[in-house]
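Student: I would like to go through this model with you. Could we begin with the strands and then turn to the surface?

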Amino acid sequence: MKNIIFKFFLLILTLIIILLVYLSTLGIETERFNKEIKNRIIKIDKNLDLDLKKIKLILDPFKFKIYVKTVGSTVYYLKRPLSLEYIKSEISLKSITKNKIISSNIEVATRSILLKDFIKFVRAK
């Protein structure tokens, strides 16, 4: 009986370790959060819109954070596009457990654009 219980706990522990290694190295790609992100952006500014691609989530179990990254997105402000190379952010696991997703260290990189196009984007109103 003790042998069966030991094997069961060993199996569960092995599955948890494999899951943690997978989420820490490869991560998960999803489009599930795109609609929620767009809704939150629209609440901030109704003239702002996003075209998001797949979002990649990678777990860091030692820092208790999830790293979020999307590549090839486009931001529209008053229907003027600005192509982005990537958007990166960190989400604390503590904030997820409290049902308040708090993002920190947001990093946005644009693709190569002409300065006059960037000025038009910033001045759009």
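Student: Which residue is the bridge partner of leucine 59 in E4?
Tutor: In this predicted model, leucine 59 has isoleucine 66 of E4 as its bridge partner.

Student: How many bridges join E3 to E4, and how do the strands run?
Tutor: Strand E3 (residues 55-60) and E4 run antiparallel and are joined by 6 bridges. They form a hairpin with 4 residues between them, and phenylalanine 64 in the turn has a positive phi of about 55°.

Student: What does E4 pair with on E6's side?
Tutor: Strand E6 (residues 80-92) runs antiparallel to E4, with 7 bridges joining the two. Lysine 65 stands opposite serine 92 in E6.

Student: Which residues of E4 are on the covered face, and which on the uncovered one?
Tutor: In E4 (residues 65-71), Ile66, Val68 and Thr70 make up the covered face, whereas Lys65, Tyr67, Lys69 and Val71 make up the uncovered one. Side chains in a regular strand alternate between the two faces of the sheet.

Student: Where does lysine 69 lie?
Tutor: Lysine 69 lies over the face of tyrosine 86, at 5.3 Å from the ring centre.

Student: Now the aromatics: how many aromatic pairs are found in the whole structure?
Tutor: The search finds 1 aromatic pair. The ring centres of phenylalanine 8 and phenylalanine 9 are 5.8 Å apart and their planes stand at 65°, so the pair is edge-to-face.

Student: What is the relative accessible area of phenylalanine 8?
Tutor: Phenylalanine 8 is partly exposed at 49%, while phenylalanine 9 is exposed at 55%.

Student: Which nonpolar surface patch includes them?
Tutor: The patch consists of Met1, Ile5, Phe8, Phe9, Leu11, Ile12, Leu15, Ile16 and Leu20, with about 920 Å² of accessible area together. Leucine 11 lies in helix H1 (residues 2-25).

How values were computed
Residues numbered from 1 in each chain as written. Predicted model: local features only at pLDDT ≥ 70, side-chain atom pairs only at ≥ 80, totals over all residues. Heavy atoms only, no water. Patch = residues over 30% accessible without salt bridge, like charges linked within 9 Å, V, L, I, M, F, W, Y side chains within 5 Å. Areas by Shrake-Rupley, 256 points an atom, 1.4 Å probe, with all protein chains shown as cover. Salt bridge = Lys/Arg side-chain N within 4 Å of Asp/Glu carboxyl O. Phe/Tyr/Trp six-rings, centres within 6.5 Å; stacked < 30°, edge-to-face > 60°. Buried < 20%, exposed > 50% of the residue type's maximum accessible area, 1.4 Å probe, protein only. Lys NZ or Arg CZ within 6 Å of the ring centre and 35° of its normal. Pairing = 2+ DSSP bridges.
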